[in-house]
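Morning, everyone. Have a look at the model on the screen, and then I'll walk you through it.

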Amino acid sequence: MGKNIISKEEVKKIAELSELEVSGEEEKFSELLSDTISYVEILNELDTSNTSETYQVTGLTNIFQKGSENTVTLTQEEALENADMEEKGLFVTDPVFDR
Amino acid sequence: MKELHKLTITEAIEGLKNADFSSVELVEACFKRIEQVDDDIKAFVTLTKDLALEKAKSADEGLKKKGVKVFEERPLLGIPYACKDNFSTKGIKTTASSNVLKEYIPPFESTVTRRLNEAGAILLGKTNMDAFAHGSSTETSDFFKTKNPWDLNKVPGGSSGGSAAAVASDMCIFAMGSETAGSVRGPASWCGTTGLKPSYGRVSRYGVVAMASSTDSPGPLTKSVDDAALVLSVIAGKDPLDATSSPERTSNYLSEIQKFNLKGLKIGKPKSYFDLDLEYGVRQRVEEACDVFEKLGAEIVGMELLSPKYSIAVYTILQRSEVSSNLARLDGIRYGNDRSNFGFEAKKRIMLGTYALSSGYYDAYYAKVQKVRTLVIDDFNKAFEKVDLLIAPSMPCVALDLGESEKSSMFGELMDVLTEPSSIAGICGISIPVGIADNMPVGAMLMANMHEEEKILGAAKVFQSSTDFHLERPNLK
């Protein structure tokens with residue numbers, strides 16, 4: 001069921017977008033992801049042509065903090081406690097532009 | 001008198017008030033129990049014994065100094081609890097049972113644990129879970145598998161499996177879990193404990209390692225409904241640190257439910273839930289529970305609801321999409337290990353979510369399921385015009401053997417079929433023990449509309465007042 005809806009090539013592409021390493025497991029992921037996505041076809045049994053989306057269930061909108069709230073925040077030291085690498089009080093990240 | 005580790009919260013508070021025992025003795029009894037049985041059950045990933053004993057000592061001093069009135073301000077003073085390892089605890093390792101966060105020590109406290117600590121509750125340790133809460137068996141933990149106290153060859157359910165197993169084997173007085181869809185009610189059902197999933201937004205998500213942000217709901221696993229009500233009173237309410245937390249009024253749930261009456265209450269029994277492939281014993285026990293509710297004065301009303309099978313599809317897509325977005329932050333730069341540490345289940349979920357949110361597929365999957373979510377909500381709203389509550393089994397079967405979860409690409413979603421509609425709609429639900437089938441506990445679930453926790457807690461309370469199912473315990477050494 002649902003074989004190859006998501007091909008091995010697409011698995012490679014998705015893995016790249018997700019920054020995940022899947023080499024050697026493309027076939028397995030292709031099967032499992034296709035199997036899962038094919039289950040969604042069941043929703044075609046329902047008419048949603050006049051239905052709008054619900055992205056969140058609270059109905060709350062534009063929730064702002066008052067100035068008096070949440071004045072306590074992490075210190076720079078605390079924020080950096082778990083950093084892989086730090087320099088001059090900043091996180092060191094991988095380069096994002098080609099040199 | 002009961003052994004101390006076996007007490008409920010309300011019993012333990014009574015004992016502390018009467019000076020029958022101290023908080024130190026209570027905490028020591030729990031650790032003695034942990035030493036006795038946790039080598040077999042493996043519920044805990046981290047223990048905080050020194051800290052717990054220190055806090056117990058100061059709780060005893062506080063009680064001595066201020067007298068029993070101290071419980072008005074600190075309703076959980078001196079009560080030991082276990083906490084799922086996805087709640088950030090300042091200075092205490094918080095791993096979400098994952099290799100990515102294996103050594104992570106948060107510099108801040110989640111709102112739920114902060115409120116519990118301020119109420120005087122004492123953390124015993126952090127419990128095992130499916131890694132990042134991805135699963136319904138606790139087998140996807142990157143560390144080890146937790147066993148079901150009723151049968152060590154079976155899973156406890158998940159993802160809050162460590163918390164459920166810890167409560168069922170009396171290693172703690174109560175435990176905290178969290179539910180995205182079924183992760184409290186499922187393991188509560190499979191381990192024979194009470195498990196409450198509050199309405200979405202009722203309890204703050206601040207500091208909880210996120211799974212699907214639009215349905216994540218922290219909730220307690222307890223030995224009685226009274227205890228669940230008491231814990232909810234402490235953790236519920238608006239939190240400025242979580243913009244989705246509800247400003248709706250909360251109440252003293254424990255005292256509210258003492259006067260609850262089932263007379264005239266209508267409990268809907270949705271045909272589509274009972275039409276699913278349910279195990280014989282599960283169906284029997286839940287039918288019998290319906291009879292008990294009827295005898296106690298409620299009216300059981302057969303009714304039509306959308307089949308939960310649609311919610312499996314809705315939940316799978318929305319959860320995997322939100323997972324892919326939430327776990328994008330884990331890059332090993334600011335905290336945690338890098339992305340090569342993700343386990344198989346996490347990779348699978350991140351990739352499916354990435355696919356569903358991609359340009360060209362978004363409308364077919366993500367937008368489509370959010371439309372069906374609207375249909376599910378409308379369906380519940382119509383149902384609650386006719387009835388006060390809904391009843392169904394919590395899980396389609398009793399706890400499965402270890403290893404069964406690996407046989408399906410959607411194991412968790414298929415197992416949690418009965419809890420998914422209520423989770424995607426954000427309404428509240430509770431699982432309570434209703435008897436034994438095939439030597440394993442069975443849970444029945446009550447659901448009510450948004451912010452109507454009093455109704456499910458009240459009805460469940462009346463049920464537990466006239467039955468003994470919640471008092472059954474596994475035969476451990």
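How many bridges join strand 5 of chain B to strand 10 of chain B, and do the two run parallel or antiparallel? Three bridges, and the strands run antiparallel. One caution before I go on: this is a predicted model.

Let's stay with strand 5 of chain B, residues 194-197. On its other pairing, strand 5 meets strand 6 of chain B, residues 217-222. That pairing is antiparallel too, over two bridges. Now the individual partners. B:Thr194 has B:Thr222 as its bridge partner in strand 6 of chain B. B:Gly195 stands opposite B:Leu221, also in strand 6 of chain B. In strand 10 of chain B, B:Gly195 stands opposite B:Ser431.

What about the faces of strand 5 of chain B: covered or open? Both are covered. B:Thr194 and B:Leu196 are buried on one side. B:Gly195 and B:Lys197 are buried on the other. As background, side chains in a regular strand alternate between the two faces of the sheet.

Zoom out to the whole sheet. It is open, with 11 strands in chain B and mixed pairing. The order reads 1-3-2-4-6-5-10-11-9-7-8. At the edges sit strand 1 (44-47) and strand 8 (299-303) of chain B, each pairing on one side only. Ignoring direction, neighbouring strands in this sheet are turned by 30° against each other on average.

Next, the core. The largest nonpolar core has 159 residues. Which of them touch the most other members? B:Tyr81 and B:Cys172. Leaving out residues up to four places away in sequence, B:Cys172 touches B:Cys30, B:Pro80, B:Tyr81, B:Ala82, B:Leu124, B:Ala166 and B:Val167.

Now a loop. B:Ser358 lies between helix 13 (344-356) and helix 14 (363-386) of chain B. Buried, exposed or partly exposed? Partly exposed, because 15 other C-beta atoms lie within 10 Å of B:Ser358, and buried would take 20 or more. From B:Ser358 to B:Gly281 is 77 residues in sequence and 43 Å in space, C-alpha to C-alpha.

Last, the interface. In chain A, 42 residues are in contact with 48 residues of chain B. On the chain A side, helix 1 (8-17) and helix 2 (26-39) each supply at least two residues. Helix 2 of chain A gives the largest share, seven residues. By class, that side of chain A has 22 nonpolar, 12 polar and eight charged residues.

That's my tour. Questions, please.

Conventions: Residues numbered from 1 in each chain as written. Chains lettered and ligands numbered in written order. Predicted model: local features only at pLDDT ≥ 70, side-chain atom pairs only at ≥ 80, totals over all residues. Contact = placed C-beta atoms within 7 Å. Helix = DSSP H or I, 4+ residues; strand = E, 2+ residues; numbered from the N terminus. Nonpolar A, V, L, I, M, F, W, Y, C, P; charged D, E, K, R; others polar. Buried ≥ 20, exposed ≤ 12 C-beta atoms within 10 Å, placed from the backbone. Pairing = 2+ DSSP bridges. Core = buried A, V, L, I, M, F, W, Y, C linked by C-beta atoms within 7 Å. Axes fitted to C-alpha atoms, helices over the stretch in contact; angles between N-to-C directions.
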